[in-house]
Amino acid sequence: MINKLVLENLKHRPVRTLLSVLAIAIEVTMILTLVGLSRGMLDEAGRRAKGVGADVWIRPPGSSAISFSSAPMSEGLLKFFGEQPHVTVATGTIAQPIGGIDTVTGVDLDKFSRLSGGFRYIAGGPFQTPDDILVDERYAKQNHLEVGSQLKLLNKQWRVCGIFESGKLARLVLPLARLQELTGNTGKLTQIFVKLDDPKRTNEMVRAFKQRLPDYAIYSIEEFTSLFSVNNVPGLKPFIYVVIAISVIVGFLVVFLSMYTAVLERTREIGILKSLGAGPRYILSILLRETFVLAAAGSVLGILFSFGTRWLILEFAGATLTAMITPDWWPTTTIIAVGGAVMGSLYPGWKAIQQDALEALSYE
Amino acid sequence: MSRSGSLISIHNLSKSYRVGEVTVEALRGVDLEVAAGEFLSIVGPSGSGKSTLFHILGGLTPPTRGSVSIDGVNLAEMSDAGRTNMRKTKVGFVFQKYNLLPTLTARDNIAIARHIAGKPLEHDAWFSEVLDLLGISGRLDHKPRAMSGGEQQRVAIARAIVNHPAILLADEPTGNLDTKNSDAVLNVLRGLNERLGQTILMITHNPEAAAYGHRIVNMRDGQIVY
């Protein structure tokens, strides 16, 4: 009977119900989109790192696995790694930030092809001139580029000479020497990749490299990609928590206002229920169930919206941002939404309980 | 029953409350006995205290002094929770403004009274007879906004007696109705009283309505005057 009353109450004020559900849905979507973005970006970075095909990954001393540092390693290290036993290829790249979280990567295409099997071109092909640039398909799609298009980067015009399949190393690729020269990093590298004759020797070789170069960050590719997690990005976890807190506050306020209005509007009805003998638990139960329905509906809608935000991100910012659907977070966001909503309904509920039956019955 | 054999026994009942800084003496030593199965009309001008008496009898507000006993239970000794509990089964209300829940159908407005009282939602054969008597059997699936005032008041009467209350308290039940609907509602009340023995206390301004009762009690300035 209470459930029937709750549903009828919600149907009675469809706009308020819809707005409340929508606000809770936005709260849930915010959380899911942020988590999906964080995971998606890290997963994409990890996938691209794996796509390089290296067995060992070397980063400069004092650097973290995930950073946008420029080029603090000497190119001379390539000779050192190249001379080590079981090493078949050693090549390096330079990554130059170009604004936001985007970077352009300088690559020695010949060596990179030996390492990874090379880029798979969807259109065009390798560099023809020093002013050529390679872009991956996502970047090309987002920026409406095709082979022959001009692209301005680092205060220079570049000609798109090839578009390659996404998922390998970078989205924007320039000739290594050209990027080193342009950024004043001649002879310097951001990272070094090493391929071994037998991947089973990876751990053994990592240990050997670490003995020889104790200050450098040297990882097996498995270890390196495992570092692409929320926990390893400085500030990301607190940022997620802040967004969740803001979302909870928004949900709390929306439900608070909605239920407060509902209690005021239904003052007379609460009086009627009290005149029939409804006690505090009965009245509170109606409001809490109503809140729960709003929060549950908002959570479901929010989950559906997160598919929409993912689509929007991939469609309009797919080169820069990658979002994932994170079903493991659905229960968490639902609990957060319901918890915030229930908190928001406590004061209106208390107010409803405290209402004097006589005053409520004479409320106009 | 109370010590006097009455269903309702009121002795030296007083009620005062504060409006701002002024204390209002709404009831001043009321004594009243109502027998089971009686249809009592309480008349009096505005401010005479009849609504306050009605609210105390319904357990909506506690008395300040004196005793009020319904079916042997003294309301003056009850807590808020006790009076709330008493309203589930001992008392049925009919208000001037019908006071139906607007979002529920007539059937559900009646059913929710059963639910609050912790009784099964399905009513018994006796109540089907009551619905026929009230003439609302065919209107049960309509919401209040689709019903006339008279129909809404008859639904309110059905809701008030669905739990077999000891007393039915009707506060100006015809105050919002035209003559035709007023007569219908008053006839229904009299029918409930005569056929089912329902004890009814009705507050009214209208002498014609009051005449439907077995006995008329006049109130003035918080006291009963004969």
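In strand 4 of chain B, Arg65(B) is the bridge partner of Ser14(B), and that pairing is a friendly place to start a tour of this predicted model. The model as a whole scores ipTM 0.88 and pTM 0.76.

**The antiparallel sheet of chain B**
- Strand 1 (residues 8–19) of chain B and strand 4 (residues 65–70) of chain B run antiparallel and are joined by 5 bridges.
- These strands belong to an open sheet of 4 strands in chain B, with the order 2-1-4-5 and antiparallel pairing.
- At the edges of this sheet are strand 2 (22–34) and strand 5 (73–74) of chain B, each of which pairs on one side only.
- As background, strands of a sheet pair through backbone hydrogen bonds, and they do so either parallel or antiparallel.

**The mixed sheet of chain B**
- Chain B also has an open sheet of 6 strands, ordered 6-7-8-3-9-10, and here the pairing is mixed.
- Its edge strands are strand 6 (91–94) and strand 10 (223–225) of chain B, each pairing on one side only.
- From one strand to the next, the twist of this sheet averages 25°.
- Strand 9 (residues 215–220) of chain B pairs with strand 10 of chain B over 3 bridges, in the antiparallel sense.
- Helix 6 (residues 179–196) of chain B lies across strand 3 (39–43), strand 7 (167–171) and strand 8 (199–204) of chain B.
- The direction of helix 6 of chain B is at about 155° to strand 8 of chain B.

**Where the two chains touch**
- Chain B brings 21 residues to the contact, and chain A brings 17 residues.
- On the side of chain B that touches chain A, helix 2 (80–89) and helix 3 (106–116) of chain B each supply at least two residues.
- Helix 3 of chain B gives the most to that side, with 6 residues.
- Sorted by class, the side of chain B that touches chain A has 11 nonpolar, 7 polar and 3 charged residues.

**A helix pair in chain A**
- Helix 2 (residues 14–51) of chain A and helix 9 (residues 236–265) of chain A have axes that come within 10 Å and cross at roughly 175°.
- Helix 2 of chain A and helix 9 of chain A are therefore roughly antiparallel to each other.
- On helix 2 of chain A, the residues making the contact include Arg16(A), Ala23(A), Glu27(A), Leu34(A) and Ser38(A).
- On helix 9 of chain A, they include Leu236(A), Val243(A), Gly251(A), Val255(A) and Thr261(A).
- By class, this helix contact has 13 nonpolar, 6 polar and 2 charged residues.

**The domains of chain A**
- The domain assignment of chain A gives domain 1, made of 2–43 + 235–361, and domain 2, made of 61–215.
- Taken over C-alpha atoms, the centres of domain 1 of chain A and domain 2 of chain A are 47 Å apart.

**Confidence**
- Chain A averages a pLDDT of 86, and 96% of its residues score at least 70.
- Within chain A, confidence is highest in strand 6 (residues 132–136), at a mean of 93, and lowest in helix 13 (residues 357–361), at 79.
- Chain B averages a pLDDT of 87, with 97% of its residues scoring at least 70.

How values were computed
Residues are numbered from 1 along each chain as its sequence is written. Chains are lettered from A and ligands numbered from 1 in the order in which they are written. This is a predicted model: local features need pLDDT of at least 70, side-chain atom pairs count only at pLDDT 80 or more; totals for chains, interfaces and linings use all residues. pLDDT is the predictor's confidence in each residue, from 0 to 100. Domain bounds come from an automatic or database domain assignment. Axes are lines fitted to C-alpha atoms, for helices over the stretch in contact, and angles run from 0 to 180 degrees between N-to-C directions. Angles under 35 degrees count as roughly parallel, over 145 as roughly antiparallel, 65 to 115 as roughly perpendicular and the rest as oblique. Two residues are in contact if their C-beta atoms, placed from the backbone, lie within 7 Å. Ala, Val, Leu, Ile, Met, Phe, Trp, Tyr, Cys and Pro count as nonpolar, Asp, Glu, Lys and Arg as charged, and the others, Gly among them, as polar. Two strands pair if DSSP finds at least two bridges between them.
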